[in-house]
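Trainee: Before we look at the model together, could we go through the terms one by one and set each value against its definition?

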Amino acid sequence: MLTFVNDSRLLSAAAMRVCLAAALLCGPWAACLAADTGDTSKLEEIIVTAQRREQNLQDVGTSVTAFDTGALERADFKDVTDIVGQVPGMQFNQYGATVTVYNLRGVSQNDFSDHQEAPIAVYSDDAYVANTGALAGSLFDLQRVEVLRGPQGTLFGRNATGGLIQYVSKQPTDTPDGYVQVTVGNYGLIQTEAAAGGPISERVDTRLSFSTSDRDGYITNRIGASINNQKQYAGRIQFKIKPSDDGEILVKLDAINNDNEIEGNYSWAAAIPDATGRGVFAPPGTPDLGGYVNTSTSPFNQAEDRRGLFNRTVWDANVRVNWQFANFTLASVTDVLQLQKRYGEDSDISPNPIFNYDTGVHYQQFSQEFRLNGTVGALRWITGAYYINYKTKNFEQTVLPDYIPPVPFPYGDGLAQLNLTTSSPAVFGQLEYDLSDHWTAIAGARYTSDSKTYVYNYSCNVCGPVNNPFGGGPYSVAYSTGAGYPDAEHTYHIPTGKVEIDYKIDHDNLLYASVNRGAKGGGWSAPSSGYVNLNPALTAVPVLNLNYNEERLTSYEAGFKSTFWDGKARLNGDLFYYDYKDYQGFFLDVATQIVENINATVKGGELELAVAPLRGLNVQLGASWLDTRADDVPTPSGILVTSQLPQAPQWSLNAEARYQWPAFGGQLSVESDAKWNKQQYLELINAEDDLEHSYIVANARVAYTSGSGRWEYSAYCKNFTDRWYRVYNLDLSGFLGIDQSVFGPPRTFGASVVYRWGK
């Protein structure tokens with residue numbers, strides 16, 4: 001078992017006392033300090049767009065967690081992944097900021113190759129973002145974040161096999177308003193955030209917002225600069241144009257830049273393969289295959305000879321048109337996105353020049369959606385068409401020794417170059433019909449044609465079979481239709497849809513049941529090291545199938561939504577069963593990344609409770625239960641096993657409590673939130689060293705807002721117990737004798753000041 005011991009030098013004892021004191025002030029018990037126990041304010045109504053129109057959260061028969069502007073600000077969410085801590089059934093992993101992978105109800109796709117699309121769709125202002133390398137960034141100046149659990153194969157459609165996340169920006173208004181925020185914290189953190197908006201003419205409003213973040217790395221490098229620092233700059237400008245009273249045009253331009261960051265946020269641990277080839281943690285003091293032993297017991301203290309790098313620029317232009325006609329509404333969403341990225345890391349996590357990995361991406365995407373919706377008596381309808389086209393040109397390079405004993409075959413340097421083009425039109429529609437005052441039936445369908453063309457060229461300096469079937473000389477392979485591989489081009493015909501029945505007991509209580517089908521088109525792997533054998537006649541080395549099939553997930557779900565205690569409490573829950581066919585599972589076969597289709601099932605449920613028991617006190621509680629199973633999972637030795645899906649803890653609990661009361665002519669508030677995850681496996685092969693034991697991460701915040709509401713001063717402490725926990729792991733025991741463990745951030749703390757003006 002892997003054990004790390006905290007290094008007390010990371011923080012002073014005084015800082016620890018401050019963080020713990022803030023935590024003790026937070027929580028439901030803080031209400032006991034209040035003299036005011038008068039009438040309780042009702043819970044605020046939450047508006048979502050899960051059905052592509054604005055609705056009360058409690059009227060939507062879908063499992064949704066949503067955060068409005070106030071909730072995002074009060075929880076001090078600054079990174080796109082911060083929401084994970086308060087969404088039942090949600091996990092994530094990041095390889096630094098280069099790739100962000102979300103997991104909902106056990107559904108994810110952990111391949112770090114940049115050309116892969118994820119089964120959890122991410123939308124920014126109604127536009128789908130296909131590239132996982134474009135997802136990392138800051139949360140700033142947002143109106144709302146919505147998380148929809150379960151397949152969304154009808155109205156959203158593309159690759160929403162397991163659900164989706166929607167980020168909605170604050171729109172320009174016809175009243176001048178804005179804010180400026182400055183945050184400082186440990187690790188040399190300096191963050192700024194600001195927005196300003198208002199009318200520039202009678203029919204045009206605008207809003208400009210930006211965010212910057214500069215901090216040192218969390219990981220100390222004993223022989224170089226700290227690792228996993230951040231130098232990130234993001235900006236957004238929007239225009240709302242109102243040509244007439246019937247419609248509006250929203251134009252958004254935004255960009256994000258990461259400037260020469262030092263990446264490769266892995267922590268070293270020695271591991272050895274068992275009889276199945278899966279890793280187990282080695283005894284303390286065991287060297288890796290390069291002879292290195294990390295003398296530090298802290299995951300945030302490493303010794304790496306290679307300086308990692310991360311440069312990224314993302315540009316996006318988005319135009320949304322909403323127009324009201326006599327009998328229907330027209331919506332149009334046009335989006336253009338471009339990404340350029342360069343990433344490199346010290347993959348052996350040691351002072352020895354053994355294994356370096358680099359990748360580069362040039363990506364461009366265009367999408368267009370048209371939607372019509374209207375109401376005819378008891379019938380509500382929506383129909384539309386969608387198109388996306390993207391092209392990505394990538395390289396992945398590995399630098400390795402020719403031989404790494406005791407592995408009998410050579411590796412050497414490998415270079416994979418690929419081009420992937422995708423063209424995908426779709427049509428969709430959905431009907432909602434009120435059968436009576438209490439019963440509503442919903443049916444929807446979508447058809448997607450997903451055409452993809454793949455060109456893959458790979459070369460290595462010593463991995464080829466010269467006179468030795470295991471290799472010994474230069475080797476190259478070209479995979480494309482022109483090179484004689486017809487399966488390098490494919491069109492997937494993908495029908496998806498849903499049927500649902502809702503029963504509205506009364507204004508405050510809803511029951512629902514649904515069957516949903518989600519799907520994600522197939523694709524290709526991009527191995528970047530070792531001998532990539534595509535020749536079935538050569539049996540000395542395993543034959544790789546680069547292509548994999550589409551996956552299909554059928555969800556059976558029933559749930560309820562209830563508002564009670566005169567609007568002071570809200571309880572939502574659901575139970576579901578997933579029949580997951582041809583799940584696209586990611587495997588790291590020694591050093592070769594590959595995606596293969598396997599079958600899986602998921603059973604589970606969620607509960608969410610929000611309650612305002614006293615004036616000024618709000619409590620949020622969430623729970624998730626999962627039972628996952630994947631069949632015939634291949635291990636490195638070739639033995640097939642049954643496993644759990646990665647990052648799918650059987651139980652996870654989340655909680656948040658906030659208390660606010662009048663003081664010093666303004667308002668004081670204390671807040672704490674936490675998430676507990678039961679043990680979980682971090683890779684699909686379920687190696688012993690992939691098992692992350694149960695852990696809890698807790699945060700605290702205290703704030704004072706002036707009587708005018710213009711000034712706010714706050715202090716925060718995140719992960720205040722300084723818990724060390726892994727969010728992902730790559731088992732390299734049979735390759736380098738190590739694990740590449742990705743840890744969540746250590747304890748961080750800081751203070752902010754905000755000035756607001758306008759409404």
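Mentor: Let us begin with the salt bridge, which is defined as a side-chain nitrogen of Lys or Arg within 4 Å of a carboxyl oxygen of Asp or Glu. This is a predicted model, in which local features need pLDDT of at least 70 and side-chain atom pairs count only at pLDDT 80 or more, while totals for chains, interfaces and linings use all residues. Residues are numbered from 1 along each chain as its sequence is written, and side-chain values use heavy atoms, with hydrogens and water left out.

Trainee: What makes the contact of Asp-177 and Arg-207 a salt bridge?

Mentor: The N to O distance between their side chains is 3.2 Å, and the definition asks for within 4 Å, so the pair qualifies.

Trainee: Why is Arg-53 called partly exposed, and why is Glu-432 called buried?

Mentor: Arg-53 has a relative accessibility of 27% and therefore counts as partly exposed, whereas Glu-432, at 7%, counts as buried. The side chains of Arg-53 and Glu-432 also meet in a salt bridge, at 2.8 Å from N to O. This pair links distant parts of the chain, 379 residues apart, with Arg-53 in the loop between strand E1 (47-48) and strand E2 (55-56) and Glu-432 in strand E23 (residues 414-434). A search of the whole structure finds 39 salt bridges.

Trainee: How do you know that strand E10 and strand E11 pair, and in which sense?

Mentor: Strands are DSSP runs (E, at least two residues), numbered from the N terminus, and two strands pair if DSSP finds at least two bridges between them. E10 (residues 177-185) and E11 (residues 189-201) have 9 bridges and pair in the antiparallel sense; in one of these, the partner of Val-184 is Ile-190 in E11. The two strands form a hairpin with 3 residues between them, and Tyr-187 in the turn has a positive phi of about 60°. E11 is also joined to strand E12 (residues 204-215) by 11 bridges, again antiparallel, and here Ile-190 stands opposite Asp-214. E11 and E12 form a hairpin with 2 residues between them.

Trainee: How is the lining of the second largest cavity divided by class?

Mentor: Its lining has 19 nonpolar, 5 polar and 6 charged residues, where Ala, Val, Leu, Ile, Met, Phe, Trp, Tyr, Cys and Pro count as nonpolar, Asp, Glu, Lys and Arg as charged, and the others, Gly among them, as polar. Among the strands, E15 gives the most to this lining, with 4 residues.

Key: Buried means under 20% relative accessible area, exposed over 50%, partly exposed in between (1.4 Å probe, protein chains only).
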